[in-house]
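Please read the points alongside the sequence and coordinates.

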Amino acid sequence: MSLEQYKDSPHYQKIYQQIEALGLVEHIKHLDEFGYTVIPPELVAPEAFQDRLRKAVLSVHEQRTGEKIKLEDIESTRLAKEGPGNGHWAILTHDPVFQEAIMNPTVLAMAKYLCGNSVVLSDLLCMIKQRDNTLTHPLHTDQHGTPPPLPPYAQVCNVTWALTEYKKGNGPVAIVPKSHLKGRYPTMEEGNFLREDAPVKAIPIEAPAGSLIVWHGTTWHGAYPRENEGLRTNLAMAFTRVYMKQIRDFRSTVPQEVLDRHPVQFAHLIGANSMYPFRDGKPPSKEDNAYMMAAGFNPWA
Amino acid sequence: MSEAEEESQSKPAPFVHETRQPFDLSEELKARVDSLDLKDTVQHAKAEGYGYIYDAAPIEFFERLKEAIYRTADGTEGPRGSSMLLARDPVFAEAVLNPKLLTIVEILCGQGALLSQLSSTIIPKQADEPRKGGLHADQNWTPAPFPTHNQTITLCWACTDYTHEAGSTKVIPNSHLLRRHPTPKEVAEEAGVISTACPAGTIVFWNGSIWHGGGTRTIAGDRVVLHTTFSRLAMRPIENYDALGEDWLADKPYEMRVLLGREDFLNKGGASNHAAKVADTFNWAKT
């Protein structure tokens with residue numbers, strides 16, 4: 001059963017028109033063929049916005065660890081704590097810029113291309129990485145809900161906003177091109193891609209600061225240790241299909257005042273107004289449930 | 001929580017890398033199937049996509065269930081029922097913890113499966129002749145091609161006899177092999193449909209891909225059923241029981257915590273990545 005049969009549908013056309021308007025057609029082709037794509041900063045957001053994101057990431061770090069890092073020092077400094085770095089979860093409400101980031105048209109177009117118009121944000125986090133030879137992320141996939149063999153459509157996708165330059169030595173993401181076509185997870189033996197005799201070779205993803213790196217939920221990927229001084233920072237956004245559970249319970253934790261600052265699409269995106277699961281004993285009406293039912297009949301719905 | 005369970009919670013399990021394929025049961029699960037006399041039930045489910053659990057509980061339990069279904073139903077006449085039943089009577093929690101039921105759920109939805117919906121229906125006589133229509137697969141939100149691994153399972157506690165005339169659920173055996181939803185034409189034609197049949201006191205179940213629908217009751221009396229739906233741990237449940245706190249869970253076994261998603265790392269709040277739950281979640285998701 002091919003997904004091609006759905007490409008005449010209004011659901012697909014709606015996403016494709018957005019992809020075309022944003023200049024992303026070649027990127028979805030690359031994504032389909034290789035399981036990932038790198039979208040340059042000029043197709044994502046202005047430099048000023050990227051700076052706001054960097055400052056917000058450093059602000060999260062300061063709030064949660066007490067350690068202040070100046071933006072101008074990011075290429076040269078180290079964290080006070082030894083080790084590969086820090087990850088900070090549940091940051092959506094820390095700064096409005098994170099809310100703007102998940103609503104960024106390029107981010108959304110790619111997430112919808114992979115998980116349908118009804119896509120929801122599963123989680124977002126920021127990572128700060130420093131020089132350390134630990135292999136923190138052996139090869140893995142982000143999609144875990146369904147055991148292999150995996151369906152041909154993504155149930156999960158990863159949109160990572162590189163806030164500093166990704167290149168060999170900087171601890172970039174490691175990708176195994178075309179691995180999304182395997183329809184399975186890497187085995188333990190296949191996980192360590194750094195070994196000289198590694199059975200599976202990965203490539204380092206090079207991307208200027210401000211790029212989006214997008215991959216399919218079943219693409220095998222990991223991360224190279226950082227060899228250079230300075231810090232690698234990013235904003236990792238995981239999206240999922242509407243019928244999957246989100247990692248983060250945004251519905252119960254995002255305050256109404258945050259929802260009020262955004263259009264209703266924001267509430268849809270974080271699952272704050274999902275019809276399911278219902279908790280008041282009254283199932284949603286058929287009309288209200290239509291978008292979820294549509295998702296079952298078209299992978300782009 | 002028992003000491004062993006507390007200990008298992010404090011020590012994250014090692015990661016499992018191998019995935020079990022459908023009906024490739026672990027030795028432990030095979031032994032459980034044998035000890036609960038479920039071998040034929042599992043074979044039937046594997047062969048045809050649906051099946052029956054006989055002697056899941058004493059008939060007195062089904063009588064308690066039936067009484068609770070009538071008592072909690074919305075309304076007193078006509079087709080009726082209710083949903084969000086878990087905490088509305090202790091008999092409902094007992095039903096979802098039934099060992100035979102949980103074994104079939106694990107086989108069809110893996111370890112860590114979630115309670116998705118707990119609802120009841122009371123259906124009086126509907127018509128003089130059976131009606132067509134209503135066929136669907138319960139994996140409503142999953143697009144085709146359906147994943148090879150089953151995503152949801154519905155188990156109906158038949159508190160009254162299931163027959164064609166009594167309006168038992170109709171199914172198309174093996175339709176799950178098509179791994180898609182039925183077309184409107186297929187829904188209208190119902191080619192290959194059969195009525196499930198079993199005595200009161202049986203659980204009839206089907207996987208999430210089987211095309212099925214409600215039958216038409218053409219005889220007097222009520223068809224009384226408790227519908228228990230479960231899903232793989234990563235699926236969004238239909239009902240939300242987050243309001244049930246630790247006080248409600250205090251006298252329930254660990255399995256109830258798992259069924260309510262309290263022991264996996266998904267849909268959690270706080271600023272943590274809930275690392276202690278990660279290994280269990282990933283391992284369960286491979287079964």
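**Note on the sheet of chain A**

1. In β8(A), Trp215(A) is the bridge partner of Tyr36(A). Strands β1(A) and β8(A), the latter covering residues 212–216, run antiparallel and are joined by four bridges. Strands here are DSSP runs of E with at least two residues, helices are runs of H or I with at least four, and both are numbered from the N terminus.

2. This is a predicted model, in which local features need pLDDT of at least 70 and side-chain atom pairs pLDDT 80 or more, while totals for chains, interfaces and linings use all residues. Residues are numbered from 1 along each chain as written, chains are lettered from A and ligands numbered from 1 in written order, and side-chain values use heavy atoms, without hydrogens and water.

3. The open sheet has six strands, ordered β1-β8-β5-β10-β3-β2 in chain A, with antiparallel pairing (a pair requires at least two DSSP bridges). Its edge strands, β1 (36–39) and β2 (85–89) of chain A, each pair on one side only.

4. Strand β5(A) has antiparallel bridges to two strands: seven to β10(A) and five to β8(A). Cys157(A) has Phe239(A) as its partner in β10(A), and Trp161(A) has Leu212(A) in β8(A).

5. Seven of the seven residues of β5(A) are buried (under 20% relative accessible area, 1.4 Å probe, protein chains only; exposed is over 50%, partly exposed in between). Val156(A), Asn158(A), Thr160(A) and Ala162(A) point one way, and Cys157(A), Val159(A) and Trp161(A) the other.
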